[in-house]
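Hi,

Here is the structure I promised to pass on. Have a look, and my notes follow below.

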Amino acid sequence: FLAQQTDLPLHGERVLVTAGGTREPIDPVRYISNRSSGKMGYAIAEAARNLGATVTLISAPSALATPAGVTRIDVTTAQDLLTAVEAEFKTTDMLVMAAAVSDYRPATTAMQKIKKQADHEPLTLHLTETADILKTLATVKQHQFVIGFAAETQALLANANRKLAAKKLDMIVANDVSKPGVGFNGDTNQVTMLRPEHEPVTTPLLSKAAVAEQILLTALQTREEE
Ligand code: CTP
Ligand code: CA
């Protein structure tokens with residue numbers, strides 16, 4: 001038995017997901033990045049598709065395959081990601097910012113490969129802050145339900161609550177990435193979902209697919225209350 005498409009909870013909804021870790025070039029052969037695998041974001045894209053949504057996945061570099069039926073847009077840097085998200089945001093009903101966005105980029109990108117210093121002196125790289133994508137979107141947000149992630153190694157709920165307010169989010173998904181089985185590279189995750197004026201909801205340690213489905217269903221239920 002297959003459910004009718006129109007019975008699915010996200011039927012008719014446009015879901016935009018970002019995933020992966022951005023890369024900021026230092027020179028033609030080097031970059032700054034982070035340990036994001038893209039697995040959580042890809043799992044959300046797949047779960048949203050399974051729940052009946054029309055899904056666009058904006059992906060920073062990731063080794064993962066595009067889930068069937070999902071439109072994928074590839075980006076490299078935080079600036080590319082901002083540009084792509086801004087282009088899609090207006091026609092989106094729900095945004096899930098699972099990408100691990102570089103907070104800093106090299107102030108300049110060298111046109112040629114940087115050579116080892118002849119005098120063995122330390123090399124200094126100057127970094128500039130990137131734009132905060134969620135803060136930028138908060139100023140143009142209309143009907144969109146916006147979900148952020150907070151990857152923390154300490155003071156999980158205090159840090160995540162601060163981001164929920166500062167970025168004007170409808171929900172933030174907090175993960176303690178210092179715990180085994182949680183966060184960046186594995187196939188499992190345990191998260192706490194925080195929303196304005198709601199009690200926190202913590203999932204058990206589950207597959208990323210099951211966590212993804214819970215995040216989307218909780219978001220849908222929260223939006224329906226409003
Ligand atoms: N984010 C963003 N733009 C950035 C950095 C982060 O939109 N330049 C988003 C992430 O995709 C995530 C949320 O903001 O959904 C929180 O990211 P996180 O790195 O946990 O928080 P920051 O605000 O960058 O603060 P810090 O890294 O100092 O903890
Ligand atoms: Ca950050």
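I call something a salt bridge when a side-chain nitrogen of Lys or Arg is within 4 Å of a carboxyl oxygen of Asp or Glu. Before the findings, some housekeeping: this is a predicted model, where local features need pLDDT of at least 70, side-chain atom pairs count only at pLDDT 80 or more, and totals for chains, interfaces and linings use all residues. Residues are numbered from 1 along each chain as its sequence is written, chains are lettered from A and ligands numbered from 1 in the order in which they are written, and side-chain values use heavy atoms, with hydrogens and water left out.

By that rule there are nine salt bridges. One of them joins the side chains of Lys167 and Asp132, at 2.6 Å from N to O. Lys167 sits in the loop between α4 and β10 and Asp132 in the loop between β8 and α3 (133-138), so this pair ties together parts 35 residues apart in sequence. (Helices are DSSP runs of H or I, at least four residues, and strands are runs of E, at least two, numbered from the N terminus.) Lys167 is buried at 18% relative accessible area, while Asp132 is partly exposed at 27%; buried means under 20%, exposed over 50% and partly exposed in between, with a 1.4 Å probe and protein chains only.

Another salt bridge runs between Lys141 and Asp170, at 2.4 Å. That one also links distant parts of the chain, 29 residues apart. Glu46 and Arg49, by contrast, pair up at 3.6 Å and both belong to helix α1 (residues 39-50), three residues apart, about one turn of the helix. There is a network too, made of Glu13, Arg223 and Glu224.

Lys167 comes up again in UniProt, where an unreviewed entry lists "binding site" at Asp103, Lys113, Phe149, Lys163 and Lys167. UniProt positions are in the numbering used here, feature names are shortened, and annotations may be inferred rather than shown by experiment. The farthest two C-alpha atoms of the set are 37.3 Å apart, so these residues do not all gather at one spot.

Asp103 is exposed, at 54%, in the loop between β6 (94-97) and β7 (104-106). Beyond four places in sequence, Asp103 touches Thr128, Glu129 and Thr130, contact being heavy atoms within 4.5 Å.

Finally, Thr18 in strand β1 (residues 14-19) is buried, at 0%.

Cheers
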